[in-house]
Amino acid sequence: MNTIEQLFPNLATFIEYAPGVDTNKNLTDYLSSARSAKKSIEAIISPSVYAAIMASKAQDLLDALRAAMANRILAMQLVFDAVARRKSGTDVYKYEIEAMKRSYMENYFAAMDSLIQQLMAVKVDKEEKNTPTALWQSSRYCRLLLSCQLRSAEEFDLIYPIDLSYLFFFRTVPLQKECLDERLAAYFVKAEGKENVLDMLRLALAKKTVAKSLRRFDILEFPSTIRELFEDNKAFRHGSTEHDNAIKLAALLDNEADTLLTDADLLLEETSVDVCSYSQYNDSSDLIIMTP
């Protein structure tokens with residue numbers, strides 16, 4: 001049984017989970033795109049979780065996986081179908097292809113978000129080892145999460161709104177770890193026990209993480225709260241304009257985070273410092289006195 005037939009026993013089942021399926025095709029016609037789609041999904045949830053979901057009887061998980069797989073397949077197949085229609089004499093318009101691909105990808109991200117949310121919602125018993133939820137908690141994203149400061153989508157969403165998107169949160173876990181390793185980890189160590197400073201540091205970490213994601217992710221991968229900041233998203237998509245706007249927002253978030261870190265520095269100082277005057281540099285042993 002091939003990759004696509006493992007999830008979809010027939011074309012009718014495939015049609016249930018994605019719009020616009022060509023009923024004149026067979027499931028095997030989508031096989032090449034299905035292999036790539038499977039790899040994309042396994043990169044997020046891991047191959048072991050993918051296999052466990054297919055082997056389990058958890059219908060909710062299976063439905064979410066099928067929806068993600070079907071829409072990802074059609075998004076990847078779309079360009080080849082467009083070329084085939086053009087060769088057969090059917091007019092193909094670029095804006096229609098882009099709009100369809102955008103819709104398929106949005107459906108894919110929504111399905112993946114639901115899938116990860118369901119994996120996180122189930123409590124795992126110590127005896128469980130091969131269930132989808134148990135394997136998910138031992139996946140690389142969950143292991144990496146243990147070294148982060150923001151450890152759940154709910155916590156991240158309370159600090160910086162992300163529409164409670166579990167997919168976006170887990171996609172940014174490596175970026176959060178990168179922000180901590182670059183600079184912020186030392187701040188959290190120094191601020192231990194000082195809750196008012198920790199709140200500032202968590203907000204700075206969230207903003208730094210989102211700023212990195214704006215420079216590295218496609219705008220389609222963002223939750224609607226962030227995606228709708230770009231006016232181009234509501235009409236025709238202009239890649240260069242969206243990229244420029246994303247870079248501007250990333251710079252703004254970086255500046256806001258740096259301001260928070262400056263304030264945190266002041267609160268973490270053990271002695272009072274007059275940062276507004278050169279007199280802060282005065283030393284009683286130095287005969288040269290700085291005056292404001």
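Asp163 is partly exposed, with a relative accessible area of 39%; on this scale buried means under 20% relative accessible area, exposed over 50%, and partly exposed in between, with a 1.4 Å probe and protein chains only. Asp163 belongs to the loop between α9 (153-159) and α10, where helices (H or I, at least four residues) and strands (E, at least two) are DSSP runs, numbered from the N terminus. The phi of Asp163 is near 60°, a positive value in a residue other than glycine.

The model is predicted: local features need pLDDT of at least 70 and side-chain atom pairs count only at pLDDT 80 or more, while totals for chains, interfaces and linings use all residues. Residues are numbered from 1 along each chain as its sequence is written, and side-chain values use heavy atoms, with hydrogens and water left out.

Most residues other than glycine have a negative phi. Ser46 lies in the loop between α3 (31-45) and α4 (47-55). Ser46 counts as buried because its relative accessibility is 15%.

**Overall architecture**

The chain contains 14 helices and zero strands. Of its 292 residues, 43% are buried. Contact here means heavy atoms within 4.5 Å. Among contacts in the chain with a separation of 6 or more, 68% join residues 24 or more positions apart.

Helix α10 spans residues 166-171 and includes Leu167. Leu167 counts as buried because its relative accessibility is 5%. Setting aside residues up to four places away in sequence, Leu167 touches Ile44, Phe109, Met112, Asp113 and Ile116. Leu167 and Ile45 are 122 residues apart in sequence, yet their C-alpha atoms are 10.0 Å apart in space.

Helix α12 covers residues 195-216, 22 residues in total, and reaches 31 Å from its first C-alpha to its last, close to the 32 Å expected at 1.5 Å a residue. That expected span is 1.5 Å times one less than the number of residues in the helix. Helix α12 is mostly covered, with 16 of its 22 residues buried.

**Aromatic rings and charges**

The structure holds nine aromatic pairs. Rings of Phe, Tyr and Trp (its six-membered ring) pair if their centres lie within 6.5 Å; planes under 30 degrees apart count as stacked, over 60 as edge-to-face and the rest as tilted. Two of the pairs are listed below.

| Pair | Centre to centre | Angle between planes | Geometry |
|---|---|---|---|
| Phe8 and Phe14 | 5.0 Å | 85° | edge-to-face |
| Phe169 and Phe170 | 5.2 Å | 80° | edge-to-face |

Phe8 is buried, with a relative accessible area of 0%, and Phe14 counts as buried at 0% relative accessibility. Phe169 is likewise buried, at 0% relative accessibility, and Phe170 is buried at 2%. Phe8 and Phe14 also belong to one aromatic cluster that includes Tyr17 and Tyr30.

Two arginines lie over aromatic faces. A charge sits over a ring if NZ of Lys or CZ of Arg is within 6 Å of the ring centre and within 35 degrees of the ring normal. Arg72 lies over the face of Tyr108, at 4.8 Å from the ring centre. Arg171 lies over the face of Phe217, at 4.4 Å from the ring centre.
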